[in-house]
Amino acid sequence: MAERLSPFALMEKLISFPTVSRDTNIPLIDWVADYLDSHGIESHRYVDPEEPKHALFAHVGPWEEGAIVLSGHTDVVPVDGQPWDTDPFSVVEKDGKYYGRGTCDMKGFDALALWALVEGKYMGLKRPLQIALSFDEEIGCTGAPPMIEAMQPVLPKGSAVIVGEPSTMQAVTGHKGGTGFDTHVVGFEVHSSLMHTGVNAIMAGAKLIEWANEMNTQSMAQKPSAIAAMFDPPFTTTHVGMIEGGTAHNITAKDCKFAMDFRVVPGEDKDAWGTAYLKKVREVEAQMQAVVPETYIEVTPRFDVPGLKPEDNGEAETLVRQITGDNASHKVSYGTEAGQFQDAGYSAVICGPGDIAQAHQPNEFIEISQFNAGHEFMKSLLSRLAS
């Protein structure tokens, strides 16, 4: 009989694959597929047509609809420039914690989900269990939608999805949506002593960034809606986190590139925020072209993530609350793949081990107690599916 690895051994193996979003995740997916196959579990893939990225999904238990789906992503954020004390791609146990890139976000959960799937295979489940492992979550949740679509004709439709993002094993029932745009301002270079005859792309781009500041100020001053009040902060945020451009201090910048991102509270229209931004872009572009007609601003959509809307008597939420005993209300401002599953007709909730505060950090870790709590959760879930 094939070896049934422990959750810890599975986490060690998954973290040994450096699946940073800019790189391939195929070696990890190959290993997972071989491991499941060794236990007689057939897995299926979505193959990205443009990049060397694969998603994987599988089913155990009765071949019927109504499965519980355990959803995780396989990519992690880079470690470049972070002051790690240990090898990021090896699990190190120290001071009641497991250190390593992805221990918290979210290969710890992925390992627990794989463990549950294999154990479920041998338990003779009365209700099916599925796993869905995506890619490119960290760069805008772009890998989940085609994976979800690919699952539909291959597996019986699941009914409830548990997205295992770190929530300290609490039931998170709502999160903000998000949309983002790569923005490239193309100006016209002249000596800065004659700047009025050129177009400085950085200074033009600064007008768009100042617009973002103004939007945040306006949103902060407004009374939040009942739904918005559930979130921290209780309004849609507009943010620029990266910018580059220019060649010298005495030349008007030819190029300026930045990303304009929105985290939108449920109940507001993401598209309306994008439309408002594009209106401002065209306004600034017209000012540029009044000086030099061949200047322009190029805006490219980068991601579009729906929010997770709280459900009335949602199956996924009810199940998680029954297992964890958590009856409090939890909403978060970060985005996940839960809203994408919800849009595809699944009941969805977020519940996973670890604290989101540790995600993306140098010396990322998960508390051993949290990992063990996730293990106990999976045991309870299997018992319910087998009874």
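## Charged pairs and a buried glutamate

Lys 270 counts as buried, at 18% relative accessibility (buried means under 20% relative accessible area, exposed over 50%, partly exposed in between, with a 1.4 Å probe and protein chains only). This is a predicted model, where local features need pLDDT of at least 70 and side-chain atom pairs count only at pLDDT 80 or more, while totals for chains, interfaces and linings use all residues. Residues are numbered from 1 along each chain as its sequence is written, and side-chain values use heavy atoms, with hydrogens and water left out.

**Salt bridges**

- Search the whole structure and you get 16 salt bridges (a side-chain nitrogen of Lys or Arg within 4 Å of a carboxyl oxygen of Asp or Glu).
- Side chains of opposite charge can pair when their charged atoms come close.

**Lys 270 and Asp 304**

- Lys 270 has a salt bridge to Asp 304, with the closest N and O atoms 3.2 Å apart.
- Lys 270 sits in helix 6 and Asp 304 in strand 12 (residues 296–305), so this pair ties together parts 34 residues apart in sequence; helices (H or I, at least four residues) and strands (E, at least two) are DSSP runs, numbered from the N terminus.
- Asp 304 is partly exposed, at 44% relative accessible area.

**Asp 80 and Arg 22**

- Here the closest N and O atoms of the salt bridge between Asp 80 and Arg 22 are 3.0 Å apart.
- The two sit 58 residues apart, with Asp 80 in the loop between strand 3 (68–73) and strand 4 (92–94), and Arg 22 in the loop between helix 1 (7–15) and helix 2 (26–38).
- Both Asp 80 and Arg 22 are exposed.

**Asp 30 and Arg 45**

- Asp 30 and Arg 45 form a salt bridge through their side chains, at 2.8 Å from N to O.
- Asp 30 belongs to helix 2 and Arg 45 to strand 1 (residues 43–47), so to speak distant parts of the chain, 15 residues apart.
- Asp 30 is partly exposed at 31% relative accessible area, and Arg 45 is partly exposed too, at 32%.

**Glu 285**

- Glu 285 is found in helix 6 (residues 270–289) and is buried, with 12% relative accessible area.
- Its side chain makes a polar contact of 3.0 Å with that of Arg 282 (a pair of N or O atoms within 3.5 Å; within protein, one must be able to donate a hydrogen and the other to accept it, and residues adjacent in sequence count only if both atoms are side-chain atoms).
- A polar atom of the Glu 285 side chain also lies 2.9 Å from the backbone nitrogen of Ile 297.
- Setting aside neighbours within four places in sequence, Glu 285 is in contact (heavy atoms within 4.5 Å) with Tyr 296 and Ile 297.
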